[in-house]
Amino acid sequence: MSDCCSIKSPAETTLAETAKAGTNACPKCGQPGKSVESKTLKQMVQPRHLEVVNKPGFLFCRSANCEVVYFHPDGNCLRKPDVRVRVGLKETEDPVPICYCFGFTEAMTVEEIQATGKCAIPQRITAEVKSGNCACEIRNPQGSCCLGNVNAAVKEAMKGAAAHCFP
Ligand SMILES: [Zn+2]
């Protein structure tokens with residue numbers, strides 16, 4: 001896709017933020033990215049992008065409402081359609097994956113909380129991780145452990161449940 005970087009319009013990037021964050025800033029939203037290994041990108045991108053991700057130095061954009069998933073200080077950028085998986089952080093409609101190794105979604109935390117009043121998904125993931133069954137670096141688009149995202153999702157779901165049960 002030759003037009004994949006055509007979104008780098010200066011108007012859309014807060015220049016002050018970009019300058020502050022240096023070359024680590026997302027070209028679209030200006031937020032600093034988090035570095036991701038080529039190994040992770042290889043599993044995530046559409047086959048036509050396999051070659052470009054050989055280059056080390058790609059960063060992951062964590063902004064929920066930014067369609068850029070990966071970008072490189074050299075100017076390459078990969079958006080949601082360039083990636084094979086649904087990036088939970090950037091999705092609001094089911095299924096919103098939160099754990100890629102064991103397939104937990106945001107809806108599963110909500111269901112469990114509604115049924116039992118609590119959610120043991122983080123504990124189950126922790127147990128699996130301890131047994132060496134996780135592969136976050138090749139399954140999670142962020143290339144890192146999902147537990148932070150899972151805990152945040154559980155907290156949100158608990159808040160929602162509390163508001164629902166005790167108006
Ligand atoms: Zn971004």
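N24 sits in the loop that links helix 1 (15-21) to strand 1 (34-35); helices (H or I, at least four residues) and strands (E, at least two) are DSSP runs numbered from the N terminus. This is a predicted model, in which local features need pLDDT of at least 70, side-chain atom pairs count only at pLDDT 80 or more, and totals for chains, interfaces and linings use all residues. Residues are numbered from 1 along each chain as its sequence is written.

**Around N24**
- N24 counts as partly exposed because it has 16 C-beta neighbours inside 10 Å; the cut-offs are 20 or more other C-beta atoms within 10 Å for buried, 12 or fewer for exposed, and partly exposed in between, with C-beta atoms placed from the backbone.
- Setting aside neighbours within four places in sequence, N24 is in contact with P32, G33 and L59, where contact means that the C-beta atoms, placed from the backbone, lie within 7 Å.
- K34 is 10 residues from N24 in sequence, and their C-alpha atoms are 7.9 Å apart.

**A cis peptide bond**
- Most peptide bonds are trans.
- The bond from D94 to P95 is cis, with omega near -10 degrees.
- You will find P95 in the loop between strand 4 (77-79) and strand 5 (97-99).

**The whole chain**
- The protein chain has 6 helices and 6 strands, and from the N terminus their order is α-β-α-β-β-β-β-β-α-α-α-α.
- Of the 167 residues in the protein chain, 31% are buried.
- Taking contacts in the protein chain between residues at least 6 apart in sequence, 56% join residues at least 24 apart.

Definitions and conventions:
Contact = placed C-beta atoms within 7 Å.
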